[in-house]
Amino acid sequence: MIERRPDHKHGATQIARRLVIVGGDAAGMTAAAKARRMRSANELEIVAFERGSRTSCAACGLPDLIGRLVKAPDKLVVRTPEKHRANDIDVRIRHEVTAIDTQACAVTVHDLNTSRDPTTHCADFLIATGATGITPWPCIDAKGVFQLRTLDDAARVERAIVTGARCAVVVGAGCIGPEVAEGLCWHTG
Ligand SMILES: Cc1cc2nc3c(=O)[nH]c(=O)nc-3n(C[C@H](O)[C@H](O)[C@H](O)COP(=O)(O)OP(=O)(O)OC[C@H]3O[C@@H](n4cnc5c(N)ncnc54)[C@H](O)[C@@H]3O)c2cc1C
C-alpha cells in the first residue's frame, strides 16, 4: 500500500512506499540498511518486526557468552534498535508477524508487550526469519534440552547451569558444538 506522509522538511506531502521486513537480525537489518542507503525516508518507509528483544546480534559469540568470556548479552548486539531508528528504520522489537496476506499486502503482527494484533499494510515484504535447527526427536521440548540459536537460548543454558546442572551433552560437533563444549568447560573449575 502506498501512503502519503507529511514531509516536515519541505512542508509538502510526499508519497512513501512501505517496505516491511520480518526478522531483525543479520539478514533483515542488513537488507534494511541497504534499502535505506538506496532510498531516503521520504521515498521509502522501512518497518522491521522482530519478535525478540534485540536486533543485529553476533551469534558467533554465544558459546563465549555461555563460557562467560563475553560478560553480558548486550555485548553481542552489533546494532541496537535505537541505532537503527536513528537511521530512519522503524524497528519494532517484541513484535511477531503471525500472518502475511499477499493479496491485501498486509501483515498481522502480534505485539508481545500489549498482546494486541494490529495489521500493517505495505507495498513490499522481505522475509528474513532465519533457519531452524533440525530436531527430529520428540523430546526436544523436554526440560533440560536446549537449542542454541539466540541470546535467549544462551540465557536458558546459563540459567540451567546456575540452578544446578552438573552434566552436559552437546549434540553436534561441527564448528559450533566444540565451541559450546569449551564454553561449558569454563564452569567446571
Ligand atoms: C551459536 C552460533 C554461532 C555462529 N557462529 C557463526 C560464525 O562464527 N560465523 C558466521 O558467519 N556465522 C555464524 N553463525 C551463523 C549466523 O549467526 C547466521 O548465519 C545468521 O544469524 C543468520 O542471520 P539471519 O538474519 O538470516 O537469521 P537469524 O539470525 O536466525 O535471524 C532471524 C530473526 O528473525 C526473527 N523472527 C523469526 N520469525 C519471526 C516472526 N514470525 N516475526 C518476527 N521475527 C521473527 C528471529 O527472532 C530472529 O531474530 C552462528 C550461529 C549460531 C547459532
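1. The shell around the ligand takes at least three residues from each of domain 1 (2–127) and domain 2 (138–185), where the domain bounds come from an automatic or database domain assignment. This is a predicted model, in which local features need a pLDDT of at least 70 and side-chain atom pairs count only at pLDDT 80 or more, while totals for chains, interfaces and linings use all residues. Residues are numbered from 1 along each chain, in the order in which its sequence is written.

2. On confidence, the mean pLDDT of the protein chain is 90, and 92% of its residues reach 70 or more; pLDDT is the predictor's confidence in each residue, on a scale from 0 to 100. Over residues 1–12, however, the pLDDT is below 50, although this stretch has 20 contacts in the model beyond near neighbours in sequence. Two residues are in contact if their C-beta atoms, placed from the backbone, lie within 7 Å. Where pLDDT is low, the predicted coordinates should not be read in detail.

3. Which residues come nearest to the ligand? Of the 22 residues around the ligand, these are Gly23, Asp25, Ala59, Cys60 and Gly130, a residue being near a molecule if its C-beta atom, placed from the backbone, lies within 6 Å of it. The elements that give two or more residues to this shell are helix H1 (26–38), strand E3 (44–50) and strand E5 (95–101), and H1 gives the most, with 3 residues. Divided by class, the shell has 11 nonpolar, 6 polar and 5 charged residues; here Ala, Val, Leu, Ile, Met, Phe, Trp, Tyr, Cys and Pro count as nonpolar, Asp, Glu, Lys and Arg as charged, and the others, Gly among them, as polar.

4. The C-alpha centres of domain 1 and domain 2 lie 29 Å apart, and the contact takes 12 residues from domain 1 and 15 residues from domain 2. On the side of domain 1 that touches domain 2, the residues divide into 8 nonpolar, 2 polar and 2 charged.

5. The protein chain has 5 helices and 8 strands, and along the sequence they follow the pattern β-β-α-β-α-α-β-β-β-β-β-α-α. Helices (H or I, at least four residues) and strands (E, at least two) are DSSP runs, numbered from the N terminus.

6. The largest nonpolar core has 15 residues, and those with the most contacts inside it are Val20, Ile21, Ala32, Ile46 and Ala48. Such a core is a set of buried Ala, Val, Leu, Ile, Met, Phe, Trp, Tyr and Cys residues joined through C-beta atoms within 7 Å. Strand E2 (12–22) gives the largest share of this core, 4 residues. A second, separate core of 9 residues includes Leu62, Ile66, Val157 and Val180. Of the 189 residues of the protein chain, 22% count as buried; a residue is buried if 20 or more other C-beta atoms, placed from the backbone, lie within 10 Å of its own, exposed if 12 or fewer, and partly exposed in between.

7. Two backbone angles deserve a look. Arg68, in the loop between helix H2 (62–66) and helix H3 (81–86), has a positive phi of about 65° although it is not a glycine, and Arg68 counts as partly exposed because it has 13 C-beta neighbours inside 10 Å. Cys105, in the loop between E5 and E6, has a positive phi near 50°, and with 17 other C-beta atoms within 10 Å Cys105 is partly exposed.
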